[in-house]
Structures are given as structure tokens and as C-alpha cells.
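Okay, thanks for coming, everyone. Let me put the structure up on the screen, and then I'll walk you through some of its side chains.

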Amino acid sequence: IFSRCFWLIFSRRMSEGKMPPPPSHLLPSDGRAYQWTGTMTTWTSPAPEYITTTTYTYTITVDGKSTTHKLTSTSKREQEPYPHFARALEQARAAGSTFSPSTGNPELVQFCQRRGNTTVGGGTCYDVPSAATSEPGLRWVNDKKTGIIPLSSAAAGDIIRFERCVFRNANGVMTAGDKAEDNFQHYGIVLLSRNGGRELDVMEQNIDGDSRLHWRTYRFDDLQEGSFYIYRTVK
């Protein structure tokens, strides 16, 4: 919620559209005559979120008395395909060639490419690595002691788990692993690692109110709270 609000505040994209008439619940119910004026403003947040919030402002005059009402609606359009899958697959193959036994990193990247903008399994965040590893029969150890890769060695196709993480910078706040119903854990698959792991593009679902598999970028220099764990699968 916080990340969505901050991105909207700092978005620079604004457009005007056709103003619909006021909804019936704002009009006099006894049939009295009225006049209305209104404005509509639409803000769209930057990629990759593409959250559009439209604010309708109505001024309704009845018997010479005017009242102003503001209504908002929010929508999220289908995310554009991740633009760096070729680079991600190259990075995933390189990670597999330097790791023994052989890894499933390329298979996990290809899974993300196939399933983008769809809901995996029941829509939980954990359904993503679960489905991605079960299809090709990969193994990974989901605990805090084994199978953990340091951030500096993270690569495309690794699995990441966030716990109570808060990322904060001048543009706003992002959270991951902040839901009690998920035991304060959030899972995703790394699509690309940059700057020695300080920036990770992650494919995930069940975050920011979106059950579809989509991507966003985490900048670990902005991590203020929480912890994370990175895993590499093996065949």
C-alpha cells in the first residue's frame, strides 16, 4: 500500500479524460433540480507497476447550495513483458556452469518467461518457486542454514525469500514479507542481478494486491529493515 501511494505521489504522468456524470447517490433523491460541474484527473505510476488512479471531483448545486465530492478509482494494467529475458537466460546459464552439481537456473528463468502475467497455482507467493522447481524436478533446501547464496553471487534463476523487509528511498517505500497470513515471508525468483547483487529484478506474485506473476526491482542499498535468503536449485 505504501509503495503504491508513494509512486503515485511522485509520478509525473497526468492526463485528462472525458468526465462521466455524477453517480446517483450524489444527487437529490427527492427529484429536486440540480446542476453539476466536474473535473477528472488520471495519474499513472511508472513501470513496472503501471497503477492508474483516477480522481473525479464533482460540484453539485441544489437550491443554490453547492457541495463538492471526490471519488477515486484504481486499476492496474497488464504488465509489459520483462525486457531482459535474453540477458537473464545468459546469466542463469553462466551461474549453472560455475556451480556443482548442475543447477536449475535456466529452467526457472524460462518458467518466468512462460508464465508472466498469469496466476501460478493458488496465487500465493510460494506457489511460484514450488511450481517452477517441480516441473523440471529440481531440488532446493528451504531453510536458513543450507543452500544459501550470498547476495554478491546472486544470479538469474535463484530463489529469494524476504522476511519483514522494508526498502526506503527518496521515491517512497517498498515492502516484502510483511503479511502475517504469509508468516511474514515472501518468495520470488531472481530474473537478473546487477551491481554485484545490489539490484535484483524479481518475478513474484501476491504482492501489492496483484495475484499475477509480475516483476519489480529491489535495490538492496535501500534495505532498512528485515532479512532475506537466496537459494540455488540443483538437478
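Let's start with Arg198 and Asp221, whose side chains meet in a salt bridge, 3.0 Å from N to O. By salt bridge I mean a side-chain nitrogen of Lys or Arg within 4 Å of a carboxyl oxygen of Asp or Glu. Arg198 sits in the loop between strand 7 and strand 8 (199–204), and Asp221 in the loop between strand 9 (214–219) and strand 10, so the pair ties together parts 23 residues apart in sequence. Helices (H or I, at least four residues) and strands (E, at least two) are DSSP runs, numbered from the N terminus.

Quick word on what you're looking at: this is a predicted model, where local features need pLDDT of at least 70 and side-chain atom pairs count only at pLDDT 80 or more, while totals for chains, interfaces and linings use all residues. Residues are numbered from 1 along each chain as its sequence is written, and side-chain values use heavy atoms, with hydrogens and water left out.

So, are these two partners buried or exposed? Arg198 is partly exposed, at 32% relative accessible area, and Asp221 is exposed, at 57%. The cut-offs are under 20% for buried, over 50% for exposed and partly exposed in between, with a 1.4 Å probe and protein chains only.

How many salt bridges does a search of the whole structure find? It finds 10. One of them joins Arg194 and Asp201, with the closest N and O atoms 2.8 Å apart, and both of those residues are buried. Arg194 and Asp201 also belong to a salt-bridge network with Glu199 and Arg219.

Now over to Arg232, in the segment after strand 10. Arg232 is buried, at 10% relative accessible area. Its side chain reaches the backbone oxygen of Ser153 at 3.0 Å, and the side chain of Asp158 at 2.8 Å in a polar contact. A polar contact is a pair of N or O atoms within 3.5 Å; within protein, one must be able to donate a hydrogen and the other to accept it, and residues adjacent in sequence count only if both atoms are side-chain atoms.
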